[in-house]
Structure formats: structure tokens, C-alpha cells
Amino acid sequence: MSDDARRLKPVDVVVVGGGWAGSIMAKEMTEAGRTVVMLERGPDRSTAGEGAYPASIDELEGNFRYKLFQDLSKSTVTIRNNASQTALPYRRMAAFLPGEGVGGAGLHWSGVHFRMPPDDLRLRSRVIEKYGAKFIPEGMNLQDYGVTYEELEPFFDKAEKVFGTSGEAYKVNGQVVGQGNVFSPSRSDHFPLPPLKDVYTAHLFRKAAAEVGFHPYSLPAANASQQYTNPYGVQMGPCNFCGYCSGYACYMYSKASPNVNILPVLRRHPLFELRANCHVLRVERDSTGKRATGVTYTDAEGKVVTQPAEMVILTAFQFHNVRLMLLSGIGKPYDPVRNEGVVGRNFVYQNVTTSVVWLDPKVETNQYIGAGGGGVAFDDFNSENFDHGPLGFVGGSPVWVNQAGVKAIAGAHSGGPPGTPRWGSAWKAGMIDTYRHSLRIDAHGANMAYRDVYLDLDPTWKDAYGQPLLRMTFDWKDNDIRMNRYVVDKIGNVAKAMGARNVHLGMREFGKPFDTRQYQTTHLGGGAVMGTDPQTSALNRYMQSWDVHNVFVIGANAFPQGTGYNPTGMVAALAYWAAYHIRTTYLAHPGPLAG
Amino acid sequence: MQGLAGVAACSTVSGTGAAAPPRPYTPVFFNAAEWNFLLAACDRLIPADANGPGALALNVPRFIDQQMTMPYAQGAQWYMAAPFVQGPDNLGYQLPYPPRDLYRHGIAGMNAHAATRHARPFAALAPDVQDDLLRAAEGGKLVFGDVPSAAFFDQLLANVMEGAFSDPIHGGNTGLGGWAMLGFPGARADFMDWVDRYGVHYPLGSVSITGETA
């Protein structure tokens, strides 16, 4: 196998995946004087290419032909709802949309940029403190991250400054300084940029939520509200609310992406080399199995090549990181029957449903105006901000209007109110009315981890390189459905206060399995989680493999359970956190950072 | 930066201007019988009415025919490795057919059903009879060999929506008529000065990637 592969000149660090985590780690390692090769299986991409106006303003190419997304013809996953089923291939894009190419999901994302709530980082401990250990349902693998908000704060701050994040603080250094999220923890500094303007629907939602007694705040958005120069010296332009964020390379250079915010500097660094169209097959290990020696990949010409390296940093998308660990034999694979092993354990998703509010037909909601990260939220039912005791479920959900720009094909597909036909004149009337006069409110809830929800390798289907596909075993559970229904029910009064003429509350239904055909979100998490116990985590709290100390794995794979927030802010902070400990400790003394 | 959308708008002054008369279109992928079905079905899925133009005026059939020549229609973006095992609907599409094959099987199946029940091809049926057949296909009540009718119908409906509402550069949405009925500004993509004009419709008409306006 690897003996046949061409061996390249060794480097200090090989980074697998060219998204946010990979770009941050490569930047940090070159700053530390290390030679870095970044391998990206997709094509090279830049805003000047994919993002150029007006060609990029093409909804068909962006959101329906998936220009910036994973090429499923080469590799996908299989999915089933439970272990008694045969998992079947995810053949067409639908429920989630993983990225591909330089920039990764960081190029096609929307831009919502959160810090993880302190309680979510120690959710198991917090739930036991408040409600007792018996409160945790049977089969729920509730865990702590092993890292606290106070430890991560400098790295949340750094990520926001690199991303040029717009938002309004509530507390800085313990002092209330603004109208930000009253449930958010204290910060060491303000957001680098003031919040984006409210679009009309967000403005209405802010007023109505306050009237009902909730605590609305501006979503933290990595869409620049003003011109900005980040600490690396790269410039962003002000967001003009064009509505082409999710699925697009921002032509205004306003949405943060690795391509805009980090790679322009990294590409010029003499210690850095980017190799696109290189698909990593596995991490190589020495005869002890405890040390990685590099990676083997298929290059752009289809040649199999081995790149020796002192350190391997996996920074592919969440489930690709897990699959690479399984394919490489790094960490013990999870066995749900024996409840042993860690790689594939605690696979989680995001528990999102969308409600629709119809306003007076004289009011134009202009849903095509938007910024991917912009909007207004309330957190009164997120995290541990409310008493779960009488409710009997774990987890919560922020509620928001995040009008990212609804374009014409999406509007046509969404159609009219429930019960409206999908075509013909009745569809047309309902769809046009809905497009012009409605707005959407999301409950963007957490999904907990369960013993029988996991990732492993599929026994049947293979990718274009002959390797087994990853298999997802996933379904919605009673706890999460009840949480969603409780929170969505609160949207009714907000809609009433907005002057709704009609409301559709989008709730999860009991007994309705996870449906791979309907887009939900790409916020997949877990599967190779961080923690303090090698029996229940694949990575220590520094994102280092417990088993192979020169392998670090950065991504949402590290989340022990889901959260109500979007993952990118946490992934970026974890990358800077891991990089800090690699730079200050590991490089001088290679070995396990936690015992 | 704010001027970028304006540049596109200005370029239309010397552009196409008034709607050109529809040019006859010869399909590249669909044969005559298939084309007749497609014209008839599109006319039912998005009929012309008081709310705006229908799929025929928007050249949706042309859009679909042109899409059939793209790698997309050959399943280039779908995972098409065997084995093909059928399972619960919620685990997604599991047929070995890319879009082109779905159209070939689906249209033949629709016409066969029309011939069996009504002794005519679909295109020759009365509109309400066509609607009944389309509803039956949508509800999965017909079977075209090993293609469930809902799989074909969903493919057709998805492409019809794309054709009516995508940028005209792809062959449909003629005269930006799809966007005009939604009040969607298309490639304007600059609302810096309208983001806080609450509840009032954006005053400029739609613009396409090539600078055509409506």
C-alpha cells in the first residue's frame, strides 16, 4: 500500500482540509516557524474567481447545482434511522450540504458567529447541579467539554477579531456596556464592529419579542457592518445585504471566509504550501502505532503520494475527520452494543424547525434583502437560561429571525401556507403572497447525544477511491422533540405581537423520523469528541488524540453534544486554543498534553 | 462598491430593451412526443393567470431541455454507485436513474397511462384530465416500470421551478417575468440604501446577470 506510494520530502506539519480550522492551524504553525503543507481535496477557490459579480449572483448555480459543495459522486455517507435498518447512500444533496474546495464550509457558510454558552461547555455538570443525575434520560450521553468559557475567552475574542464580527456586547469585563444578549457571558472586549442594521422583519421581531417579555439581541454576524482590517492585515468591505451569503463566495468581501480573512496572508508565507485536489486516504503511523508519520493521498493526477510529517492536524469537515480517524485506526472505534470505544460516539446534529408568519398584504417584507449572519434572536429558552426542572427535558433553543436573503427559486419551492398545492394557480397565488408578505422564525435548537446515535464505516458502499463510506445512524429522540415543541410554542405570542394575519408553527412531530430529503442545516457535530476521560472522548481537551499524540483533530467533531448556537465560532476558538497549547507546550515537548 | 449593481443596470440602456418575440426552439434532448408532454405539463404546473406569466411564456421547457445537456442531468453530482437498494422514503432517492433517465421513463409512463385510460397522449387531454394525471403522479399512485411516479414528478416540478425563477442566462425566466411576479430584484444584489426602508417595496425592477431589466 504505502510502500508503493511516492514519498515526498518531509515537512513539519501536514494539515488535512482547507477550511477555517485548517487555515487557522496553518497560520499558527507558520507563525511558530514550522513548514506546513495544507492538503485540500477540492479545487482552489478565491473570491475574485467564484465570487466575482455579477456571475456569482446565480441562485441556480449556487443553491441548486451546489457549485461550492461536496462532489457526492466521489464520496458521500450512508444514513439510517436505527441499527435495525440498512443504511442507504445519501445520493443527492438535501438535508445537509458539506463543502469542498479551498475555504471549505467557511466559504459557503452564512456567517452567524457565536461563542459557546458557558453552561453548554459543562452541560453534564450543570444539569446534575441543578436537577440531579436522575434528570438525565436513559441512553443520553451527556458530557462536559473539559474546557471552560474562561479558558476559551481569549480565543473567542481572537476569532472575532480575525473574522471582523459585527455585534453588540452586553458585558465587557463584568460591566454592562450595551443592549447585547443579557444571557451572554462577560467578554474581554467589544465586538470588532457594531451590529448590522436590522432588516424589516428582524426589526418587527425585536419589537414583538420585547413586548412579550423576552430579551432580543442582534445576532453576532461575521458579515462586516463597516469596512474592516483584521489583525492579519486583510481588508473586508461593508455588507450591502445582497442576500447571497449561504452557498456563495461573498462578492463584497464582507462575509468572513478563510479565503478572504486568512489565506491571502498564508499563501504568501514561505513556510506554507497549499495543494488542492489532493484527497487524503489515511494517516500513516509507525510500527508502534502510537506516532503518526504523515499522510497518504491521491493527488490531482490520481497518483498515490505519501507526505511524511512530524505532526498531522485533521481539519476536514466534522464527519470527514471522524472517517479519517476510522480509516487510519486512530482511536478505538465506538461499539454501541458494548458501549465501548470513542471514535464515532456522540454523533449529533442541530434541532431546527422554521415557523412562518404572514403579515398584512399591504406590507412588503422584502425577504430577498439579507445578511447571512444578521438578524435578531432571543435566548430566553436557550442553554440553561430557563428552569428545565418542571419541563423534564435537557437542552434549549435560541429563537430568531435570520433573514439571509430568500431568493426566487427558494421562494417558489417554499410555496404557500400548509395545505396549498405545490403547483397550479392556487400554488402561484399562495406562493406570491407568502414570498412578498411573510417572514420566517427559526427555533435553532440543541440536539443531545445518545448511546444509539453514532458514526461507523459502512459495510457495503465505497467512495471513488475504494474506501468504505461513513455510516450515520441518526434519529430524533423524545427529549429533543419535546424541547423543540416547548420552545416553538413560545413563537405564537411573538407572532401575534407582530400583527400576524396567519401563523404556521413549524414543530418537530413525534414518531416522524429524520428525513434526509429535506434541507435542515449542515451543523453536524460530534463523533470524535473532546473531554477529560479517554473512555468517553477521542480527544483530550487540547484536541489531541489520546492514542496518537502527534495527531490533533479540529472541528465540530469535538462537540460532546449539540448546542443551540451555530458551530463555526466555537470551531475557530477551539483551533486557536489548540494552536496556543501546541505552540507554548507541544512543539518544545512533543507528547501527550493531558494525562 | 455600491455602484456595482448600478453598473449592471446601466449596461441595459443599450441592451435588449423590449421583450423580443419568442423564437422557435428545437429541443436537443427531448424527442417530439416527449417535448409535447413537457410543453403540456409545464403549462399546467405554472399556468398563465392574473398573477403572472406561465411556464410556457417563461420558456421553462427550453430551460429543461438545455439542462438535459449538462453533466447535472447525467447524474454527475449524484452518488450513483451500486448496489441500488430501495428503502423507506425518508432515506432518500435510491434509483439508478439520473435526471435524463427519469424524464425518459417518466414521460413514457405518463403517456402510456394517458393512452390506456383516455386513448390519447397526455398533451392531447383536456386540462382538468391532465391535472388529474399530474396529481396521481405527484401522489405516487402511478408506476412507470421501476420508477415510482412521485420520483419523476418531483424531478419535473423541481426543474420547472428552477426554469421559471432562475437567471435567464440558463434559458428560462424570459423577460424576467418570473422575478417580476415575485418582486424579486435578481442580480441587483445591493440593498445598502434599502435595508432600513421598512415595509416598502424596493423601487428598482429586476436585473439579470447579463444586464437585462424588467
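Here is a short tour of salt bridges in this model.

A bit of housekeeping: this is a predicted model, so to speak, with local features needing pLDDT of at least 70, side-chain atom pairs counting only at pLDDT 80 or more, and totals for chains, interfaces and linings using all residues. Residues are numbered from 1 along each chain as its sequence is written, chains are lettered from A and ligands numbered from 1 in the order written, and side-chain values use heavy atoms, leaving out hydrogens and water.

Taking a salt bridge as a side-chain nitrogen of Lys or Arg within 4 Å of a carboxyl oxygen of Asp or Glu, the count over all chains is 43.

Start by selecting Arg6(A) and Asp299(A), whose side chains form a salt bridge at 3.6 Å, N to O. This pair ties together distant parts of the chain, 293 residues apart: Arg6(A) sits in strand β1 (residues 6-7), Asp299(A) in the loop between β13 (292-298) and β14 (304-314). Strands here are DSSP runs of E, at least two residues, and helices runs of H or I, at least four, numbered from the N terminus. Is Asp299(A) buried or exposed? Asp299(A) is buried at 11% relative accessible area, while Arg6(A) is partly exposed at 41% (buried is under 20%, exposed over 50%, partly exposed in between; 1.4 Å probe, protein chains only).

Next, pick Glu129(A) and Arg126(A), with their closest N and O atoms 3.1 Å apart. Both lie in helix α6 (residues 123-131), 3 residues apart, about one turn. Glu129(A) is partly exposed at 48%, and Arg126(A) is partly exposed at 23%.

Finally, select Lys27(A), Glu28(A), Glu31(A), Lys158(A) and Arg583(A): salt bridges with shared partners join them into one network.
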